[in-house]
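Me: Could you take a close look at one part of this model for me? I'd like to know what surrounds it and which contacts involve its side chains, with the cut-offs spelled out.

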Amino acid sequence: MMKKKMYSLWMLVFTMLLAACGAPSGSEDAADANKKAPSTLVYGSGDYTRINPAMDEHGEINALLFDGLTAHNGKNEVVAGLAKSWEFDAKTNTYTFDLKEHVTWHDGQDFTAEDVKFTIEAVKDPANGSENAPNYEDIQKIKVLDDHTIAFQLAAPNAAFLDYMTMAVLPEHLLRGEDMQESAFFRNPVGTGPYKLKNWDVGQAIILEKNQDYFKGEAHIDQIIFKIVPDDHARALQMESGELDLALLTPKDAQAFAQREAYQCYTMKTSDYRGIMFNFQHTYWQKNRDLIPAVCYALDRQAMVDAILLGQGEAAYGPLQRNRYHYEGMEHYAYDPAKAREILEAAGCTMGSDGYYVRDGQTVGFVLSVGAGDQVRADLAQAAAQQLKEAGIHCTVEIPVQIDWEGQMAYLIGWGSPFDADDHTYKVFGTGKGANYSGYSNPKVDRYLIKARQSDDPAVRAKAYAQFQTELAKDPAFAFLCYVDADYVAKAAVQGISPDTVMGHHGVGIFWNVADWTL
């Protein structure tokens, strides 16, 4: 009996020793179990064919991968980015930037002033076809003083220059000699930003991981996935199913998440407007440009805001309504179908038997094109078409497979910047500028825009922008419709979103402080 007890005691001790030492496989399993899973935020994103901030302006993902010499804070004010300070010499119109040291690209190479020079020269080069080129056209000389100092001499003052230096800087060592439109770099980008590309599953997802060497400090969220969900309604369904943590939804879809504890809804102001862009390269508008004011009067903008935006926005009549240089005294084109008919008839149009006006044997009207996947734009286009038909103007809506900027008659366009008034005016309405997709040209508009950008005197700029807005209303490039608020919905666990920041075009801007977000 005693032997049996002694045997049992030794077996117990042996078992305890094994547990203390641990078998190799058991130890690894325990360690794996104790590892903290990486924090991941899944964002419902539109699709990307490339990530190219030098050539393309609108890319929400750009702010995560790249930095500019300057940046914008939550109040859309200019603050330091890759530059730690700058000086301006008014006598020579020269900006000199002192760059931050010990900044590296995601591949470990050092960031230098040569990268800045390379980027801005690439944007300016007409052969590259950048829609951002007008922002930098007045740069005469770029001089690298040393690895961390660079100077830009301008032909004339440009009040928006520091805003434009938020342009993402690109790595010269990876893009030198490359095609700035077609390079494979733009499908495998390398920046200095808080996140770096981990994997790109085309048409499905872009996976970013935090840059542990980020010069402003390591981000809190380990991984951000841009899940490609181009369709507005599909994003709402995936938000509901838990597949997404954050998404920009339509006002109607966003309502479904209001007052639910598991979600946080952010109705954010934007400078983002929608309008009918007339294509002046088309022969129809070359003959009938004088009828555009009739189109403007025939549109009931407030009805669109109420029915389509559910009140989350405002009627639009100009490009600077949410800017400090907005001029209230311009023509608003308040809804007046009788005035629209008066203009048509004064121009020699007569009512046809089908209820549409006719001019020179041709029905007055046009085809309005809309990009695929944007339900709000599609609904606005249909509403506009119906209102125009009621005024005797034949308008039909199409959703083409590909946008034909030169061949289409009109397009449901969107623009708008929360920054300096020069942004999204000079390059959109200036003759021959990079984002002037309508082919619009008006010498007075050009003159007022130049005068405004070349002065840093607020009074001079206010007068010039008032003249610009007045002239643009007399000779409309667009029939402005509405400003669209951005309805972001996030899971309640997402913390750090700045709700009072005014968003830009496409609601872009929410990620300005993403490195500070937590889950």
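Reply: Happy to start with arginine 453: its charged end sits over the ring of tyrosine 426, 3.8 Å from the ring centre. Here, a charge sits over a ring if NZ of Lys or CZ of Arg is within 6 Å of the ring centre and within 35 degrees of the ring normal. This is a predicted model, in which local features need pLDDT of at least 70 and side-chain atom pairs count only at pLDDT 80 or more, while totals for chains, interfaces and linings use all residues. Residues are numbered from 1 along each chain as its sequence is written, and side-chain values use heavy atoms, with hydrogens and water left out.

Arg453 is one of the buried residues of helix α15, residues 443–453. Buried means under 20% relative accessible area, exposed over 50%, and partly exposed in between (1.4 Å probe, protein chains only). Helices (H or I, at least four residues) and strands (E, at least two) are DSSP runs, numbered from the N terminus.

What do these buried residues pack against? Their partners are α5 (161–164), α14 (426–429) and α16 (458–474), where contact means heavy atoms within 4.5 Å.

Now for the loop between α14 and α15, which holds tyrosine 440. The structure has 33 aromatic pairs. Rings of Phe, Tyr and Trp (its six-membered ring) pair if their centres lie within 6.5 Å; planes under 30 degrees apart count as stacked, over 60 as edge-to-face and the rest as tilted. Phenylalanine 185 and phenylalanine 186 make an edge-to-face pair, because their planes are at 90 degrees, with centres 5.3 Å apart. Tyrosine 440, in turn, forms a tilted pair with phenylalanine 280, at 5.8 Å centre to centre and 55 degrees between the planes. Phenylalanine 280 lies in the loop between β13 (273–278) and α9 (283–288), so this pair ties together parts that are 160 residues apart in sequence. Both phenylalanine 280 and tyrosine 440 are buried. Phenylalanine 280 also has a charge over its ring: the charged end of arginine 289, 4.3 Å from the centre.
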